[in-house]
Amino acid sequence: MSESIFEKIATILSTKKGIDKESILIESSFEELGLDSLDAVELISDLEDEFNVTIPNVELQSIKTIQQAVDGLQKAMGS
Amino acid sequence: MTERRVVVTGTGIISAIGHNTHDFWNSLVECKSGIGPFSSVDPTLMRFKNGAEVKNFDASILIEKSDLDLMDRFAQFSVVAAKEAVNQSGIIFNEENGYRSAVICGTSIGGVHAQEQTYIDLYRDNKSRVHPLSIPKTMPNGAASNVSMQMGITGPVYTISTACASSNHAIGNAFWLIRNGICDQALAGGSETPFTYTFLKAWEAIRVVSPDTCRPFSKTRQGMILGEGSGMIVMETLENAKRRGAEILAEIVGYGMSSDASHITKPDQKGAERAMRLAMEDAKINVEQIGYINAHGTGTLVNDTMEVAAIKNVFGNHADALPISSTKSMHGHALGATSSLEAVATIMALKDGILPPTANFEEIDETCNMDVLANASRSKSIKYALSNAFAFGGLNAVLAFKKWEE
């Protein structure tokens with residue numbers, strides 16, 4: 001499951017933010033990818049829509065890397 | 001201390017009749033109207049079918065995609081118009097002058113497209129959440145803020161929302177900030193993008209939009225026509241402009257404002273008169289010196305009759321020899337942006353010595369009996385001109401401009 005989440009994140013970031021897919025790694029931080037806090041909110045919002053889950057605001061604010069986004073999504077899905 | 005003089009050194013336009021000042025002005029001079037069937041809202045759902053829409057607008061040539069995503073259509077208009085004005089002026093904003101620079105933008109309704117999308121998502125599509133950028137895109141200061149960010153302007157930046165007088169209030173306030181020594185340069189104007197289904201329905205309900213076109217001062221007029229667009233102007237001290245060797249397009253010399261304090265939609269002639277008198281008083285000129293008025297001229301029965309009566313009262317015998325026109329007959333009534341478009345039209349009229357016409361004109365209404373520059377522009381060099389704006393809510397703002405001369 002985590003692989004498909006990662007794949008989805010990479011697709012969103014490459015199409016919406018024009019980030020080279022190759023440069024997106026599971027350990028990448030948002031900062032390394034040039035994403036600011038508003039970009040992060042946008043990404044999480046897209047993922048919530050895609051996977052039909054809700055990530056609480058407090059958790060959203062602590063998501064700073066791709067890995068944390070994947071973990072947050074998985075937690076929200078209860079898997 | 002002598003009063004600081006304030007001059008215009010750049011203008012930028014997005015409108016139904018041109019995506020830059022050059023095209024906009026040519027359309028006005030040639031009496032080409034941008035009013036036609038609108039396409040951004042399904043016309044079969046509307047009682048009125050015509051508007052002055054901005055077609056084929058593409059901001060991506062001038063604005064980075066990552067920045068563009070933060071802006072609703074009205075903010076994009078402002079940024080593109082501001083870039084044109086700054087390019088023409090040749091002014092460079094940097095750390096040294098940024099904090100002595102202002103951005104003042106007028107808008108009546110702000111980012112209604114982003115807001116509309118939230119309604120669609122929630123009420124129609126039963127989604128439980130909306131786009132995360134809905135707030136920054138909807139906020140009425142989105143235009144002013146994005147202009148300041150794009151330009152690096154760190155002084156006073158704010159938005160004025162006084163319905164159809166918003167842009168005149170914005171330009172007038174910026175003028176006073178510079179004249180009074182609070183700032184040395186400013187970008188001011190406005191933007192509006194009213195073509196959403198909910199907003200058009202609201203205008204339909206208030207019964208002032210024409211089912212055909214906009215015919216200001218005509219006996220056959222049936223109301224206003226909504227338009228969209230943005231006008232932005234660069235103004236600065238005369239000293240600044242001279243030091244930079246900038247081309248001076250016109251001088252801004254007076255600003256007058258008033259409130260009717262009577263009725264929320266019906267204009268009061270006394271309020272309009274007071275704003276015109278105050279603008280001329282501020283400019284230290286008398287009525288005989290005015291050579292042209294860009295009228296508010298909405299094409300509604302009430303406004304045009306009131307406005308002509310007000311002009312006749314203020315100008316007395318001089319009204320007989322005073323040409324006026326309503327350029328709304330071509331660029332539509334762009335609400336909070338409309339007086340920014342009209343300010344640019346007035347600046348160009350002074351600069352080129354051509355008075356723009358009232359298009360779509362048929363037969364004069366006896367209650368509007370003035371020289372309304374019917375259906376053709378006129379070559380005439382004038383020294384001073386007024387641009388009127390009288391808004392719903394009874395808020396009036398009038399600007400006085402002067403042809404540039406030493």
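Strand 8 of chain B (residues 250–259) is mostly covered, with nine of its 10 residues buried. A residue counts as buried if 20 or more other C-beta atoms, placed from the backbone, lie within 10 Å of its own. Strands are DSSP runs of E with at least two residues, helices are runs of H or I with at least four, and both are numbered from the N terminus. The model is a predicted one, in which local features need pLDDT of at least 70 and side-chain atom pairs count only at pLDDT 80 or more, while totals for chains, interfaces and linings use all residues. Residues are numbered from 1 along each chain as its sequence is written, and chains are lettered from A and ligands numbered from 1 in the order in which they are written.

Strand 8 of chain B pairs with strand 1 (residues 6–15) of chain B; the two run antiparallel and are joined by three bridges. Pairing requires that DSSP finds at least two bridges between two strands. In this pair, Val7(B) stands opposite Glu251(B) of strand 8. Strand 8 of chain B also pairs with strand 14 (residues 395–402) of chain B, in the antiparallel sense and over eight bridges. Here Ile252(B) has Phe401(B) of strand 14 as its bridge partner.

Chain B as a whole contains 13 helices and 14 strands. Of its 406 residues, 59% are buried. The C-alpha atoms of chain B fill a box of roughly 65 × 55 × 40 Å along the principal axes. Among contacts in chain B between residues at least 6 apart in sequence, 79% join residues at least 24 apart. Two residues are in contact if their C-beta atoms, placed from the backbone, lie within 7 Å.

In chain A, the axes of helix 2 (residues 37–51) and helix 4 (residues 66–77) come within 11 Å and cross at roughly 35°. Axes are lines fitted to C-alpha atoms, for helices over the stretch in contact, and angles run from 0 to 180 degrees between N-to-C directions. Helix 2 of chain A contributes Leu43(A), Ile44(A), Leu47(A) and Phe51(A) to the contact, and helix 4 of chain A contributes Ala69(A), Leu73(A) and Met77(A).

Between the chains, five residues of chain B are in contact with six residues of chain A.

Conventions. A residue is buried if 20 or more other C-beta atoms lie within 10 Å of its own, exposed if 12 or fewer, and partly exposed in between; C-beta atoms are placed from the backbone.
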